[in-house]
Amino acid sequence: HTAATQGHTEIVNFLLEAGSGLATIARSNGKTALHSAARNGHLDVVKALVTKEPIVTTRTDKKGQSALQMAAKGQNLEVVEELIRADPSSINMVDNKGNTALHIAARKGRAEIVRMLLRHSETNTKAVNRSGETALDTAEKTGNPDIALILKEHGVQSAKAIKPEVKNPARELKQTVSDIKHEVHYQLEHTRQTRRRVQGIAKRLNKMHAEGLNNAINSTTVVAVLIATVAFAAIFTVPGQYVDDPEDVPQGFSLGEANIAPKAPFIVFFIFDSIALFISLAVVVVQTSVVVIESQAKKQMMAIINKLMWLACVLVSVAFLALSFVVVGEREKWLAIGVTLIGTTIMATTLGTMCYWVIKHRIEASNLRSIRKSSMGSRSKSCSLSVMSDSEILNNEFKKMYAI
């Protein structure tokens with residue numbers, strides 16, 4: 001069945017050689033491998049199955065449909081011709097609803113298949129299904145005017161022209177109830193399938209969010225360690241070096257003291273560098289000690305830690321700029337001023353953009369919560385509408401990009 005459905009002709013032939021009776025085995029819905037191959041338009045597979053077991057062409061599924069009727073739903077004209085050639089009598093077989101292959105092709109809008117069926121003299125153009133329709137009635141009812149025109153050109157008449165309609169209220173009521181039953185069943189099945197697709201999207205979204213949070217956690221840990229390392233090393237590599245000669249200690253200095261320690265830029269550097277160091281170390285301690293499983297709690301923790309990392313980056317930037325005024329000296333002070341302007345612009349733009357995304361995400365999350373609350377409050381709405389609103393919400397979340 002799987003090989004026939006997928007069109008793997010070599011595998012079908014191999015299995016038929018092992019046991020030709022495989023072609024007659026039906027699934028729970030009554031469909032044989034020939035049904036599947038015919039519906040999917042696999043000509044070589046159809047030929048192989050018909051050659052091994054010709055009798056299988058008359059087998060019907062639980063809907064009473066033969067392989068020819070399944071082929072009439074498809075697009076492959078050669079498959080239809082092959083099945084008619086294998087068993088011409090199957091051209092007028094009817095399913096449980098009284099539909100012939102011509103009815104089905106007309107309903108599906110298969111113009112070429114309709115023309116080919118009409119070319120066969122065996123085709124019963126006056127066949128009327130249980131709904132009281134000929135193929136012409138079916139084409140007109142399903143909105144296929146091109147098919148209806150082809151049928152009229154070949155002399156196919158409506159059921160009313162063939163046999164004047166005798167009104168039977170009981171039969172009309174029964175048919176109406178049957179139509180409503182089938183429509184409700186179709187709608188329920190469509191709703192179930194839509195919900196399954198929505199649930200699948202939700203699972204993929206949750207997985208993507210979890211992976212994104214884990215990547216953010218790993219990145220934050222690495223960056224925190226990097227900032228702590230740089231901040232720790234910077235205090236021992238300041239310009240001007242230290243007083244390291246015990247026999248030559250300048251007045252007002254002590255052994256090991258930085259030569260630029262009394263200057264204001266160094267004090268700014270020292271304070272901001274130290275704060276950045278300890279913030280980064282605090283983040284490292286939290287990241288390596290706390291394990292959060294629940295997604296929302298993990299997102300809240302990451303939001304706080306990321307803001308601390310923003311602060312650490314700003315502090316390191318200020319420490320760098322403060323020390324740059326010492327490095328360039330008084331004569332080249334304009335270099336430090338230029339770097340300060342450039343750095344401030346870059347950092348302000350970056351942090352401003354991140355703040356924009358944070359605020360935007362908060363607003364969108366709030367709107368989504370409001371939509372969910374309102375949809376839960378209005379239970380009187382149809383299931384299909386609620387499924388559509390859920391799918392639209394998931395699609396919006398799927399496209400979202402935000403800062404933690």
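This is a predicted model: local features need pLDDT of at least 70, side-chain atom pairs count only at pLDDT 80 or more; totals for chains, interfaces and linings use all residues.
A salt bridge is a side-chain nitrogen of Lys or Arg within 4 Å of a carboxyl oxygen of Asp or Glu. The structure holds eight salt bridges. This briefing looks at some of them, then at surface patches and at regions named in a UniProt entry.

**Salt bridges**

- Side chains of opposite charge can pair when their charged atoms come close.
- Arginine 85 and glutamate 82 both sit in helix α6, which covers residues 77–86. They are three residues apart there, so about one helical turn separates them.
- Arginine 85 is exposed, because its relative accessible area of 56% is over the 50% cut-off. Glutamate 82 is buried, because its 15% is under the 20% cut-off.
- Glutamate 140 pairs with lysine 152 in another salt bridge, where the closest N and O atoms are 3.6 Å apart. This pair links distant parts of the chain, twelve residues apart. Glutamate 140 belongs to helix α9 (residues 135–141), and lysine 152 to helix α10 (residues 145–153).
- Glutamate 140 is partly exposed, at a relative accessible area of 43%. Lysine 152 is also partly exposed, at 48%.

- Glutamate 189 and arginine 192 form a salt bridge, with their closest N and O atoms 2.8 Å apart.
- Both residues lie in helix α12, which runs over residues 169–234. They are three residues apart, so the separation is about one helical turn.
- Glutamate 189 counts as partly exposed, with 26% relative accessibility. Arginine 192 is partly exposed too, with a relative accessible area of 39%.
- Shared partners join Glu189, Arg192 and Arg196 into one network of salt bridges.

**Surface patches**

- Which residues gather in a patch of positive charge on the surface? They are Arg39, Lys63, Lys97, Arg107 and Lys108.
- Lysine 108 is part of helix α7, residues 101–108. Its relative accessibility is 36%, so lysine 108 counts as partly exposed.
- A nonpolar surface patch brings together Ile11, Phe14, Leu15, Leu22 and Ile25. Its area is about 480 Å².
- Leucine 15, one of these residues, lies in helix α2, residues 9–18. Leucine 15 counts as partly exposed, at 37% relative accessibility.

- In the model, residues 29–61 are 55% helix and 0% strand. The end C-alpha atoms of that span are 6 Å apart.
- Residues 97–121 are 68% helix and 0% strand. Here the end C-alpha atoms lie 23 Å apart.

**Regions annotated as transmembrane**

- The unreviewed UniProt entry also carries the annotation "transmembrane region" for residues 213–236, 266–287, 308–328 and 334–359.
- How much of residues 213–236 is helix, and how much is strand? The span is 92% helix and 0% strand. Its end C-alpha atoms lie 35 Å apart.
- Residues 334–359 are 100% helix and 0% strand. The end C-alpha atoms of this span lie 37 Å apart.

Notes: Residues are numbered from 1 along each chain as its sequence is written. Side-chain values use heavy atoms; hydrogens and water are left out. Patches are made of residues with over 30% relative accessible area and no salt bridge: like charges are joined within 9 Å, nonpolar side chains (Val, Leu, Ile, Met, Phe, Trp, Tyr) within 5 Å. Accessible areas come from the Shrake-Rupley method with a 1.4 Å probe; for residues, only the protein chains shown count as cover. Lys and Arg count as positive and Asp and Glu as negative; His and the chain ends are not counted. The place of a charge is taken as NZ of Lys, CZ of Arg, CG of Asp or CD of Glu. Helices (H or I, at least four residues) and strands (E, at least two) are DSSP runs, numbered from the N terminus. Buried means under 20% relative accessible area, exposed over 50%, partly exposed in between (1.4 Å probe, protein chains only). UniProt positions are given in the numbering used here, feature names are shortened, and annotations may be inferred rather than shown by experiment.
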